[in-house]
Amino acid sequence: TVAMPVFSKKNETRSHGILLGVVGSDVPLRELLKLAPRYKLGVHGYAFLNTNNGYILSHPDLRPLYKEGKKLKPKPNYNSVDLSEVEWEDTDETLRTAMVRGETGILSMDVKMTVEKGKRVLFLTNDYFYTDINETPFSLGVVLSQGHGEYIFMGNISVEEGLHDLMQPDLTLADEWIYCVTDIDPHHRKLTQLQAIIRFLTGEEPDLECDEELVQEVLFDAVVTAPLEAYWTALALNESGMEEGIESAFLGTRAGLMRMTNFVGPEKKLNRKFLTKSDKESIFTMDHFPLWYRRAAEHTPGSFLYYIPEEDTKEGKKRSEVVIASTAVTVTINKKMAIAAAIGVQLRLDLLERIFWTATRQPNDTDCNTIDGMCPINCDNDNLNS
């Protein structure tokens, strides 16, 4: 809400400061955040808004912290959250002071970013770009992580070729992202973002306002990732080529495009919420990339990251019986690396355990002349397990 007082300007009453009323307007935060689209910010990037009093209007990590002794604890409520309470590594308030003054500039900081509901920490160096929004008391901040967060990979593809692959059944788009504006015209409000893009490209809805750069990225990603559908289908049909215990495979690109295939029926999946709207951590949202994408981005390209998600039950949280494994897909040109996508699988925990024990088990003919103790030995041995 933006509001300001209206005073009488009549000469005879000007010195008395007579208040005639207040005029104001409501601006949806979603509209302001269109200034920094999610896809341009990258895997760890984000945008935030604050007032000229230093209070937060919008921030993706709205978990304000305060110091109690030597410990940092979450603030009990979110009323009047100050910028220094969410960007708490700005200890000398350099960023806060500059934004309150409506200045424009850049600041770099080493930060710790929490993921998986605060259970894990990523160590990043972020660049903060900030400026005031003309004729408002607000300032906009945009944060990009150094390294891969500074680059974006883009390609060109024809609309005809892209449309064919865009309409494959295993493909979805980030529903919370704005590829096309569908909330103004009543005829467009029932359209999903994917339907809106298709109608825009086919000319069925020429009046749709779409982000052409983002739509071009989506078309390119659809074509480049299309062979995965045939590959995954071939694996599913080849019983000897698929290890029992792998439940699904998935891929997500920087443009918010996702492909997924299930290798078992829904009734056999141990974690049915994964990659659905009921599991916000595993999908693209307005605020963040999926957890499996964010964590894979900070690992060596080509290496897989493994984690066990938690499930919410009536009895509380419990450890899932599945494992998520993912890796980043990168493109490097002239020593500049961009993360184009992340790909992974959901597999049963017992399958990973079998693979682990097989990989670590020693054969019975191992030469143990230089090893003290019982030989041969392997990781299944009771002495080790105890």
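**A tour of side chains**

Select Tyr306: its relative accessible area is 45%, so this residue is partly exposed. Before going on, note that the structure on your screen is a predicted model.

Phe304 and Tyr306 form a tilted aromatic pair, with 6.5 Å from centre to centre and 40 degrees between the planes. Phe304 is also partly exposed, because its relative accessibility is 40%. A pair of aromatic rings is described by the distance of the centres and the angle of the planes.

How many aromatic pairs does a search of the whole structure find? The search finds 13. For another one, select Tyr46 and Phe48: the ring centres are 6.3 Å apart and the planes stand at 40 degrees, so this pair is tilted. Are Tyr46 and Phe48 buried or exposed? Both Tyr46 and Phe48 are buried.

Met286 sits in the loop between strand E14 (257-262) and helix H9 (291-297). Its relative accessibility is 25%, so Met286 counts as partly exposed.

Next, select Trp177, Tyr179, Phe250, Phe274, Phe284, Phe289, Trp292 and Tyr293. Ring pairs link these residues into a cluster.

**Salt bridges**

Side chains of opposite charge can pair when their charged atoms come close. The structure holds 8 salt bridges.

Select Lys277 and Asp175, which form one of them, with the closest N and O atoms 3.2 Å apart. The pair links distant parts of the chain, 102 residues apart: Lys277 is in the loop between E14 and H9, and Asp175 is in the loop between strand E10 (171-173) and strand E11 (180-181). Lys277 counts as exposed because its relative accessibility is 60%, whereas Asp175, at 42%, counts as partly exposed.

Move on to Glu176 and Lys280. Their salt bridge has its closest N and O atoms 2.7 Å apart. Glu176 lies in the loop between E10 and E11 and Lys280 in the loop between E14 and H9, so the bridge ties together parts 104 residues apart in sequence. Glu176 is partly exposed, with a relative accessible area of 25%; Lys280 is partly exposed too, at 42%.

For a further salt bridge, select Arg101 and Glu103: their side chains meet at 3.9 Å, N to O. Arg101 is exposed, with a relative accessible area of 62%, while Glu103 is partly exposed, at 33%.

**Two surface patches**

Switch to a surface view and select Met4, Val6, Ile18, Leu20 and Val23. Together they make a nonpolar surface patch of about 450 Å². Which strands each supply at least two residues of this patch? They are strand E1 (2-7) and strand E2 (19-25). Ile18 is in the loop between E1 and E2, and it counts as partly exposed because its relative accessibility is 37%.

For the last stop, select Glu243, Glu244, Glu321, Asp350 and Glu353. These residues form a negative surface patch. Glu243 is found in the loop between helix H8 (227-237) and strand E13 (246-253). With a relative accessibility of 45%, Glu243 counts as partly exposed.

Terms used:
Residues numbered from 1 in each chain as written. Predicted model: local features only at pLDDT ≥ 70, side-chain atom pairs only at ≥ 80, totals over all residues. Heavy atoms only, no water. Patch = residues over 30% accessible without salt bridge, like charges linked within 9 Å, V, L, I, M, F, W, Y side chains within 5 Å. Areas by Shrake-Rupley, 256 points an atom, 1.4 Å probe, with all protein chains shown as cover. Salt bridge = Lys/Arg side-chain N within 4 Å of Asp/Glu carboxyl O. Lys, Arg positive; Asp, Glu negative; His and termini not counted. Charge placed at Lys NZ, Arg CZ, Asp CG, Glu CD. Helix = DSSP H or I, 4+ residues; strand = E, 2+ residues; numbered from the N terminus. Buried < 20%, exposed > 50% of the residue type's maximum accessible area, 1.4 Å probe, protein only. Phe/Tyr/Trp six-rings, centres within 6.5 Å; stacked < 30°, edge-to-face > 60°.
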